[in-house]
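Please look over the sequence and the model before reading on.

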Amino acid sequence: MQEVDRDIPVVWMLGRTGAGKSSLIRVLTGLSEIVVGNGYASCTRTSRKFDFPQDQPLVRFLDTRGLGEAGYDPEEDLVASEGHSRAIIVVARLDDPVQGEIVDALQDVLSRHPKMEVLLVHTGADLVPDPAARDRARSATAARYMKAAGRALPEVVISLPRDGAPTAEQMEALTDALVEVLPNAGLALREEAASDAEARAFRDVRRTVLFYAGIAGGSDAVPIVGLFSSTGVQFTMLKKLGEHYGVPVTLTLARNFASLLGIGIGIGGRFLGSVAVRQGAKLLPVYGQTAGAVAAGALTFGATYALGRTAARYLHALSVGEEPSKEDLQKTFREALKGARGPERSPSP
Ligand SMILES: Nc1nc2c(ncn2[C@@H]2O[C@H](COP(=O)(O)OP(=O)(O)OP(=O)(O)O)[C@@H](O)[C@H]2O)c(=O)[nH]1
Ligand SMILES: [Mg+2]
């Protein structure tokens with residue numbers, strides 16, 4: 001499992017100097033060493049990448065230099081991230097009507113990479129306190145970017161005060177929007193609410209699940225094939241989870257789990273007609289239609305994430321001496337898969 005096999009999703013920050021790109025990365029990752037500027041003087045002088053978490057990266061942010069600065073060609077950063085799933089976050093401050101350069105840059109990037117997902121983040125909500133004025137500013141900015149993109153873009157409004165934090169609602173809206181545009185990045189950054197002991201236990205292993213889902217999503221493997229072989233990514237994930245819950249995971253146990261989930265094994269150990277494929281194909285309509293490597297990767301990511309989430313519930317039940325119910329597990333799987341759903345695109349004609 002080498003680094004190169006992993007699809008670390010890349011989030012590319014695009015916005016004028018002082019828009020709040022670095023501040024946004026800081027609130028999303030909690031990385032305090034990210035340098036935030038002071039007013040409009042350009043602060044980030046070279047494109048920098050921030051891997052999160054640093055030891056076992058699940059998301060990579062490209063914090064660009066201010067566009068329009070001499071010698072900066074965004075194409076270089078884009079080429080460097082080729083082969084990764086990626087999305088653009090356009091950061092625009094509500095009190096800054098001068099967006100022309102960034103609008104042009106977005107149009108240019110999308111003309112070369114039309115499939116890139118874009119999320120529009122309006123910062124400075126606290127700087128425009130009047131709700132009517134704020135909404136006028138938002139819709140004027142949004143109209144320009146959407147015209148340039150030639151499509152509707154998801155938008156979020158947020159406050160990034162220097163010595164404060166966005167509200168909980170703003171953070172939730174932000175991470176929800178990220179899950180929509182780039183599920184593997186959004187899920188890695190979203191804190192899951194934990195309502196019971198099982199959910200709290202899952203929080204401790206969530207990064208492990210995301211890590212293996214990222215590995216699986218980066219390969220071209222058919223979803224979950226690896227569950228029935230001792231070398232598959234998903235089986236390795238199950239074993240790791242088992243160590244955490246104090247339940248030794250054998251191939252037999254993995255198969256029991258799979259059959260509870262309704263995953264059947266076909267010829268040669270391949271799984272056929274499984275819940276994952278049926279649900280996945282339904283939830284990710286792009287699969288099998290426009291299905292490029294990225295789309296298949298997103299499905300594999302989602303299916304592996306959902307499998308890990310469900311395995312955690314199964315192992316937790318075993319660890320406390322409960323009988324895991326089939327209905328419970330299937331419900332957990334469906335919900336996790338829905339939570340990891342990528343953007344829905346209409347099939348190409
Ligand atoms: N009050 C408030 N200040 C903000 C907001 N967004 C950005 N700022 C301030 O604007 C300044 C610039 O923020 P940065 O995050 O460094 O902006 P940047 O986009 O990374 O800028 P460059 O690195 O120069 O391209 C900082 O002082 C921020 O605190 C906001 O929503 N509210
Ligand atoms: Mg910056």
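How many helices and strands does the protein chain have? The protein chain has twelve helices and eight strands; helices (H or I, at least four residues) and strands (E, at least two) are DSSP runs, numbered from the N terminus. This is a predicted model, in which local features need pLDDT of at least 70 and side-chain atom pairs count only at pLDDT 80 or more, while totals for chains, interfaces and linings use all residues. Residues are numbered from 1 along each chain as its sequence is written, and chains are lettered from A and ligands numbered from 1 in the order in which they are written.

Of the 349 residues in the protein chain, 42% count as buried. A residue is buried if 20 or more other C-beta atoms lie within 10 Å of its own, exposed if 12 or fewer, and partly exposed in between, with C-beta atoms placed from the backbone. Two residues are in contact if their C-beta atoms, placed in that way, lie within 7 Å. Among contacts in the protein chain between residues at least 6 apart in sequence, 68% join residues at least 24 apart.

Begin with strand S1, where Met13 is located. Met13 counts as buried because 22 other C-beta atoms lie within 10 Å. Leaving out residues up to four places away in sequence, Met13 touches Lys21, Leu24, Ile25, Phe61, Leu62, Asp63, Thr64, Ile89 and Val91. Its C-alpha atom is separated by 6.0 Å from that of Ile88, 75 residues apart along the chain.

The loop between strand S1 (10-15) and helix H1 (21-29) holds Ala19. Is Ala19 buried or exposed? Ala19 is buried, since 26 other C-beta atoms are within 10 Å. Residues up to four places away in sequence aside, Ala19 touches Val91, Ala92, Arg93, Asp96 and Thr123. Ala19 and Leu160 are 141 residues apart in sequence, and their C-alpha atoms are 9.8 Å apart in space.

Next comes a pair of helices. Two packed helices are described by the angle between their axes and the distance between the axes. Axes are lines fitted to C-alpha atoms, for helices over the stretch in contact, and angles run from 0 to 180 degrees between N-to-C directions. The axes of helix H3 (residues 100-112) and helix H4 (residues 131-149) come within 8 Å and cross at roughly 25°. On the H3 side the contact is made by Val103, Leu106, Gln107 and Leu110, and on the H4 side by Arg144, Tyr145, Ala148 and Ala149.

Helix H4 also contains Met146. Met146 is partly exposed, as 15 other C-beta atoms lie within 10 Å. Not counting residues up to four places away in sequence, Met146 touches Arg151, Ala152 and Leu153.

Further along, Phe202 is found in helix H7 (residues 197-218). Phe202 is buried, with 22 other C-beta atoms within 10 Å. Apart from residues up to four places away in sequence, Phe202 touches Arg309 and Ala312. Phe202 and Ala312 are 110 residues apart in sequence and 6.4 Å apart in space, C-alpha to C-alpha.

Buried residues in H8 include Phe235, Leu238 and Tyr245. After H8 comes Gly246, whose phi is positive, near 70°.
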